[in-house]
Amino acid sequence: MHKEVVHGRGHPNVTGTHRSTFEITRDEEISKSADCIIVVGADKGAASLSDEFKKAAAHDDAFITCVIEAGGFRDVVTGWGSEKMTFSVEDSMVFRVSGYVCGRTVMIRADKPAARLDRRLIAALTEGNKAILELSVEQKDRPEPSLDALFKEV
């Protein structure tokens, strides 16, 4: 198992209402329209994750867990890696419910987007609390996704 820790903080404009992704950014400021961004001022983007983590996650059988903690609250999101992941974007990382992959994608087929994260956690992030994300990746057999799983109601 490979692990990675990312530090950042919340922001008053965090809304956490996006229905298909959540994002972590190295930017210090966001607007209210950035409804997928839940953490700002991150000390890492997709490109600066360790080579070991990126190598392990860039496989279709990579099972990824993301534990998000802030203000005494936590939530856990699980999903999958992909052989298509390049981890080429330095300023952010995105966790997606869909199977779409780009240079900032670090998880696909996530079991929840920003809109389904614990609302107490989102409130703590809106208050600007420090945030810690613990990412881990391990190899597992990946089940074929059902159409229901791909189009979850939020």
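Predicted model: local features only at pLDDT ≥ 70, side-chain atom pairs only at ≥ 80, totals over all residues.
Me: Let's start with strand 2. Which way do its side chains point?

Reply: In general, side chains in a regular strand alternate between the two faces of the sheet. Here, T21, E23 and T25 point one way from strand 2, while F22 and I24 point the other way.

Me: And is strand 2, residues 21–25, mostly covered or mostly open?

Reply: Mostly covered: five of its five residues are buried.

Me: Which strands pair with strand 2, and in what sense?

Reply: Strand 6 (residues 92–96) runs antiparallel to strand 2, and five bridges join the two. With strand 3 (residues 37–39), strand 2 pairs in the parallel sense over two bridges. I24 is a handy residue to look at: it stands opposite M93 in strand 6, and its bridge partner in strand 3 is V39.

Me: Now for T105 in strand 7. Why is T105 called buried?

Reply: Buried means under 20% relative accessible area, and T105 counts as buried because its value is 0%.

Me: What does the side chain of T105 meet there?

Reply: A polar contact of 2.9 Å joins it to the side chain of R96. A polar atom of the T105 side chain also lies 2.9 Å from the backbone nitrogen of C102. Leaving out residues up to four places away in sequence, T105 touches M85, F87, V94, R96 and Y100.

Me: Where is D118 found?

Reply: Look in the loop between strand 7 (105–107) and helix 2 (119–126). The D118 side chain reaches the backbone nitrogen of R120 at 2.7 Å. Beyond its neighbours within four places in sequence, D118 is in contact with R74 and D75.

Technical notes
Residues numbered from 1 in each chain as written. Heavy atoms only, no water. Helix = DSSP H or I, 4+ residues; strand = E, 2+ residues; numbered from the N terminus. Polar contact = N/O pair within 3.5 Å; in protein donor to acceptor, adjacent residues only side chain to side chain. Contact = heavy atoms within 4.5 Å. Buried < 20%, exposed > 50% of the residue type's maximum accessible area, 1.4 Å probe, protein only. Pairing = 2+ DSSP bridges.
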